[in-house]
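Q: Could you walk me through how to read salt bridges in a model like this one?

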Amino acid sequence: MPGPHEDQNEPHNEPGNQSGDEPLKSEFGHDPEMLDLIELFVGELSERVSKLQEAWESGELEYVRMEAHRLKGAAPGYGFSPIGQVAGRLEHALTEASDTALTARVEAASEDFERLVNLCGRVAA
């Protein structure tokens, strides 16, 4: 049952709901002045995620960390705050990886990486 401030018909965009299949819509989708910018961001996201996945699979963790940093900053500006939040956690985990036991930190980061890819895959203009 939804809480007092939740609408049953609205998809939840918070990071805790990354595993769903519901489209992730921009928080600014109702603003006609933002629509072209949102569509541009969404249109480029697929390629960014592909490069991110290639880097992850080949162990290029510094590239993944930098791209997570970029998404952390950019995504909320287009109304995709959940992507920014998960990207921030991934960036933090990979930053910590250079300071602590690498294997343990990469394992911890892998969950955030999967969440980030899932969220990006659900983005809709």
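This is a predicted model: local features need pLDDT of at least 70, side-chain atom pairs count only at pLDDT 80 or more; totals for chains, interfaces and linings use all residues.

**Reading the salt bridges**

A: Gladly! Residues are numbered from 1 along each chain as its sequence is written, and side-chain values use heavy atoms, with hydrogens and water left out.

Q: Which residue does Arg115 meet in a salt bridge?

A: A salt bridge is a side-chain nitrogen of Lys or Arg within 4 Å of a carboxyl oxygen of Asp or Glu. Arg115 meets Asp112 that way, at 3.4 Å from N to O. Asp112 is buried, at 9% relative accessibility.

Q: Where do Arg115 and Asp112 lie?

A: Both are in helix 4 (residues 102–122), three residues apart, so about one helical turn separates them. Helices are DSSP runs (H or I, at least four residues), numbered from the N terminus.

Q: How many salt bridges does the structure hold?

A: Nine. In one of them, Glu67 pairs with Arg48, with the closest N and O atoms 2.6 Å apart. Glu67 sits in helix 2 (residues 61–74) and Arg48 in helix 1 (residues 35–57), so this pair ties together parts 19 residues apart in sequence.

Q: Are Glu67 and Arg48 buried or exposed?

A: Glu67 and Arg48 are both buried.

Note on methods. Helices (H or I, at least four residues) and strands (E, at least two) are DSSP runs, numbered from the N terminus. Buried means under 20% relative accessible area, exposed over 50%, partly exposed in between (1.4 Å probe, protein chains only).
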